[in-house]
Amino acid sequence: MQSSRILASIGRRIEQSGLPLAVRLWDGATTGAPHPQVTITVRHPLALTALGRPTAGGLAARYVEQQIDVDGPIRDVVGLGTALSGATVDAPAASARWLASCARHTRLFDSKSIRSHYDVSDDFFGLWLDRRRVYSCAYYRRADDTLEIAQEQKLDHICRKLRLASGERFLDIGCGWGALIMWAAERYGVEAVGVTLSRNQHDYARARIRDLGLEGRCEVRLLDYRDVPETRPFDKIASVGMFEHVGLRHLKAYFEKIRCLLDEGGLVLNHGITATDPDSRWVGLGAGEFVSRYVFPHGELPHLSVVLRETASADLEVADVESLRRHYARTCLEWARRLEQNREQAIAAAGDKRYRIWQVYLAGCAHGFEHEWMNIYQVLARKEGGASNPLPLTRDYMYRSE
């Protein structure tokens with residue numbers, strides 16, 4: 001009887017909002033649009049209760065725990081789930097709550113968090129990343145750019161911004177599977193070092209470096225960035241898609257460590273996701289809680305103003321800031337599409353629950369970036385000191401063709 005009342009309430013809500021959505025219960029009872037784009041099948045009574053007062057994060061959690069199933073393109077699933085949650089897509093912060101993480105971000109804690117995320121299966125990531133396994137925002141110059149082309153353009157965009165030159169020492173903090181250090185060593189002649197906390201990424205990158213004949217010019221270390229020796233400074237440093245793991249309380253120490261690792265007058269590029277809320281609060285609708293629980297334990301997104309403040313406090317002069325938000329919406333959407341196309345192989349490699357987590361996470365990120373729930377910035381800065389500022393007067397050098 002209670003399930004009938006809840007189902008009727010859901011049906012009225014769908015009808016009033018005009019959503020092309022249907023809901024089916026475990027006993028076959030159905031409500032919603034007659035020709036839906038998406039059908040939610042409820043497999044457990046608890047999930048029906050959650051649908052009575054839904055949040056996007058709550059629905060995602062029920063899906064991951066296999067209490068509901070969905071039939072329809074994952075992009076439509078995320079969009080309709082957000083709409084069903086009863087909030088406008090352009091104002092998620094209305095239901096946001098303060099993100100006050102108690103995580104201490106010790107070396108052991110951060111190592112476990114990173115490994116829980118990345119040390120799943122190299123085969124799993126290989127199904128939806130590009131051939132270089134670049135797991136960060138791509139850079140699309142043209143409408144018809146493939147993901148492979150856009151990721152290579154991103155790697156080169158970073159190298160150009162840093163004005164990498166032959167013989168320089170280059171550090172990549174959180175190097176992933178090593179694509180940037182290999183690209184920089186091959187094409188710019190630098191002595192490249194990458195650090196990661198993921199054993200899988202470390203082993204994969206070492207094998208690729210060996211296969212490409214880059215040993216001696218390119219190296220990856222299984223090392224916390226805080227433990228990189230400061231005895232021999234680097235000319236240039238990049239941190240791509242890593243500082244989201246640092247923690248708001250630790251950003252000051254993070255940028256101070258970068259300053260200590262940089263030579264006088266050296267350049268650093270920090271590429272990372274940021275909050276759109278000035279108080280660095282979570283994305284609303286339960287999305288932030290879902291990501292923290294299932295994807296990035298205790299990940300925290302600072303607002304751009306916080307990033308710039310902490311950069312300047314570390315005596316790093318900000319020289320350039322570029323938003324790549326629309327690029328990341330397209331990147332995440334392409335990742336979600338590829339994952340969905342390779343569903344059976346992904347489940348075989350990582351299990352059904354892991355597949356569901358990443359399916360909804362990638363599509364949710366694409367939706368969030370499209371609707372300006374969060375942003376992503378490349379911030380280029382220079383360590384004070386040195387004979388002269390190495391940066392040209394204009395940005396032309398970042399875009400001029402070879």
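Predicted model: local features only at pLDDT ≥ 70, side-chain atom pairs only at ≥ 80, totals over all residues.
1. Buried here means under 20% relative accessible area, with exposed over 50% and partly exposed in between (1.4 Å probe, protein chains only).

2. Residues are numbered from 1 along each chain as its sequence is written, and side-chain values use heavy atoms, with hydrogens and water left out.

3. A salt bridge is taken as a side-chain nitrogen of Lys or Arg within 4 Å of a carboxyl oxygen of Asp or Glu. That rule gives 31 salt bridges.

4. Take Asp156 and Arg160, whose side chains pair up at 3.0 Å, N to O. Both sit in helix α7 (residues 147–161), four residues apart, about one turn of the helix. Helices are DSSP runs (H or I, at least four residues), strands likewise (E, at least two), numbered from the N terminus. Asp156 counts as buried at 16% relative accessibility, and Arg160 does too, at 14%.

5. Helix α13 (residues 325–341) holds Glu334 and Arg338, four residues apart and so separated by about one helical turn. Their salt bridge has its closest N and O atoms 2.9 Å apart. Glu334 is buried at 17% relative accessibility; Arg338 is buried at 14%.

6. There is also a network to look at: Arg43, Asp69, Asp352 and Arg356 are joined into one by salt bridges that share partners.
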